[in-house]
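This briefing concerns one protein structure. The points below are grouped by topic and are intended to be read alongside the sequence and coordinates.

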Amino acid sequence: MNRIARPILLLAAGLAFLLSGANAQLQELGDGGPGPVKALHLSAEMSSLAPSVSPGGSVYVGLTLTIEGQWHVYWITAGDAGGPPKIVWTLPPGVTAGPMLFPAPIRLPRMGPGYSFTDFGYEDEVSFPVAINVASSVPAGPIHLDAKVSWLVCREVCIAGKAHMGLNLNVVPGAPAGPHVGPIAEALDNLPKPLPAGMKFTAMGGKNDFVVTLTTGKPVQAAEFYPFDELQIDNPADQGIEGLKDGIRLRIKRAAELTELPATLHGVMKLSNTEAYEVTAPVVTGEVAPLRPPVPNAPGGPITLISAIGLAFVGGIILNLMPCVFPVLFLKGLALVHSTHTEQQRLRSHGLVYALGILVSFWIIVGALLIVRAGGTQAGWGFQLQSPVFLTLLASGIFFFALSLAGLFDIGLSLTSAGGELAQKEGYTGSFFTGVLATVVATPCTAPLMGAAIGFALAQPAWVTFGVFTALGMGLAFPYLLLTANPSWTNHLPRPGAWMEIFKQITAVVFFATVIWLTYVYGALYSSGSGVQGVYRVALLLGCFLVLTVAGWVLGKWPARWPGTIAAVLIAAAALTLPLYQPKDTTLAWTPYSEDALKQARAAGHPVFIDFTAAWCLSCQVNERAVLRSTDVQREFVDRKMTLLKADWTQYDPEITRQLQSIDRSGVPTYVIYPAGANGKADVLPELLTKSIVLDAIRKDAK
């Protein structure tokens with residue numbers, strides 16, 4: 001993680017951790033009643049579907065957690081970090097509690113420089129039903145259900161909590177069932193259901209991924225798979241969807257730690273927020289070739305090659321009216337207004353070159369789509385907007401272009417005109433790259449009729465795909481080709497005047513609005529439950545825009561001068577490094593901590609680095625990915641011949657707790673360096689690590 005951003009991100013995490021009072025002995029909240037109990041970042045409450053239950057009957061009770069915005073709790077399998085809520089019951093004789101039931105979760109991705117992981121859990125509010133069974137021998141009268149509740153609530157840091165709660169029920173012969181309403185009833189409705197008899201789930205394991213297929217008898221549009229067993233799938237990886245006429249197929253990357261295929265795959269297939277199924281299937285070894293996407297139907301019926309080409313051509317024409325493309329077409333029109341009669345005679349040639357720029361750009365996009373498809377990944381129009389690098393370059397280019405339109409500097413009409421100034425300055429090169437620009441700014445947009453044509457094209461052989469996209473490009477170029485083929489039509493356009501400069505500036509506003517939208521999309525690629533990474537990445541992109549503004553100022557201050565141009569190019573290149581920089585992530589080998597391992601390493605004369613960590617400690621995960629796995633730190637570990645011990649405190653360990661207490665610490669993250677030799681004093685590092693802190697400490701303690 002970037003050295004500047006890391007302290008900002010982890011300062012909030014550290015403060016939250018300190019405020020939680022997190023330590024080996026948690027403060028128990030509650031008085032044994034139903035609550036609500038207010039804890040840090042959530043409130044807990046117990047309720048029942050009915051106030052009474054018959055002898056020999058049962059009733060559903062449950063725990064409802066109302067979670068503060070941007071925080072979350074965990075599913076029964078937490079994903080890459082965390083742990084689920086738990087209830088320990090103390091019940092009267094003859095009363096038993098069933099297992100705690102978990103509704104289908106959501107994915108909680110966390111991405112940033114140097115790390116990427118995904119949790120499974122819940123945000124906002126979630127209820128966990130529990131069936132209470134009362135034996136027929138239990139006498140009528142009041143009973144109390146005593147519950148010890150514990151949980152982890154997480155954002156950048158995980159905060160453990162626990163409460164003493166409970167419910168009072170009445171045992172009444174012939175007690176009526178309560179109304180099926182409220183959060184417990186809603187949670188019961190959203191529980192994963194057994195797979196119906198008419199459905200089938202299969203799993204195949206390959207070298208790199210699992211391919212799971214759910215057969216339902218009808219097409220399914222979306223699905224997610226959540227495993228009950230840990231370290232089976234790569235949690236952060238996208239689950240590729242392949243639509244089937246009678247169900248759906250998911251292509252799921254295997255976990256890096258999974259060296260052998262499991263005998264079975266057991267989990268939840270979630271089709272929507274209200275439909276999920278518990279599934280299990282034996283894993284069959286083999287590879288499954290990716291399916292081509294289904295061919296959509298046009299509005300009037302099944303689509304054919306001729307109709308796809310026609311739809312693409314008309315869609316390309318309409319694309320000129322989209323907000324992202326129309327400003328380019330308008331600026332081309334301004335160039336025609338400026339052109340003289342002699343120059344208008346050359347407009348046909350410039351129009352053809354403009355069209356060629358569009359077609360070449362479309363062919364490049366088609367080639368990239370086909371390469372991606374050949375690699376087993378499905379992609380469609382606008383797929384490049386899923387790439388942070390492409391979004392950075394696109395947003396930065398449009399922003400820089402908009403600065404010119406707004407008047408910060410003047411690049412003439414080199415990217416937007418085919419009239420007199422272009423013919424003198426840039427000639428056909430300017431026309432060609434204006435076509436490229438029109439294609440680039442068109443990629444975020446989809447015009448009517450385009451969807452069916454593109455969907456058809458991507459499911460066909462390569463020559464058909466190229467043909468349909470060529471028709472789309474010709475449609476995009478057609479309005480300007482028509483105008484350049486009829487130069488006399490420019491007589492109907494308004495005469496040049498001051499209004500044109502004003503309109504250019506208004507057009508700049510449209511481009512700036514496009515940049516805002518692209519910035520939002522860029523941030524969404526890095527968003528997570530807390531949103532911190534998304535905000536951080538957007539801040540870097542905004543910093544890029546600021547430096548690009550300086551580059552534009554240089555061009556405006558020293559126009560048409562090579563020193564100024566070279567300086568502007570260097571400044572622009574520096575600007576792009578802000579959002580594009582990604583630090584390397586490497587892997588270290590660690591030995592599980594034990595007192596004997598520590599004593600042996602010190603007796604052998606090796607310096608020791610101990611990482612006190614836990615799977616539910618998000619700050620620990622960030623420190624590990626951003627600092628401890630960095631190339632510089634890893635090289636220093638190797639050069640100093642350090643013994644690396646990992647003290648995993650995910651579950652309570654008295655040996656680790658004693659070691660923490662011996663260095664006056666009571667929680668994680670904690671990092672300690674013991675110098676070589678048995679008598680060296682422990683050096684305790686701060687909870688918030690940076691590479692410089694770790695490297696300085698290693699060089700000091702491991703001489």
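A residue is buried under 20% relative accessible area, exposed over 50% and partly exposed in between, for a 1.4 Å probe and protein chains only. The model is predicted: local features need pLDDT of at least 70, side-chain atom pairs count only at pLDDT 80 or more, and totals for chains, interfaces and linings use all residues. Residues are numbered from 1 along each chain as its sequence is written, and side-chain values use heavy atoms, with hydrogens and water left out.

**Residue R699**
- R699 is partly exposed because its relative accessibility is 38%.
- Helix α19, residues 691–701, contains R699; helices are DSSP runs (H or I) of at least four residues, and strands are runs (E) of at least two, numbered from the N terminus.
- Beyond four places in sequence, R699 contacts E636 and R640, contact meaning heavy atoms within 4.5 Å.

**Sheet**
- Five strands form an open sheet in the order β2-β3-β5-β11-β8, with antiparallel pairing; strands pair if DSSP finds at least two bridges between them.
- At the edges, β2 (37–39) and β8 (95–97) each pair on one side only.
- Strands β3 (42–48) and β5 (58–67) are antiparallel and joined by 7 bridges.
- S47 has G62 in β5 as its bridge partner.

**Confidence**
- The average pLDDT, the predictor's per-residue confidence from 0 to 100, is 78, and 76% of the residues score at least 70.
- Residues 293–302 stay under 50, with 17 contacts beyond four places in sequence in the model.
- Where pLDDT is low, the predicted coordinates should not be read in detail.
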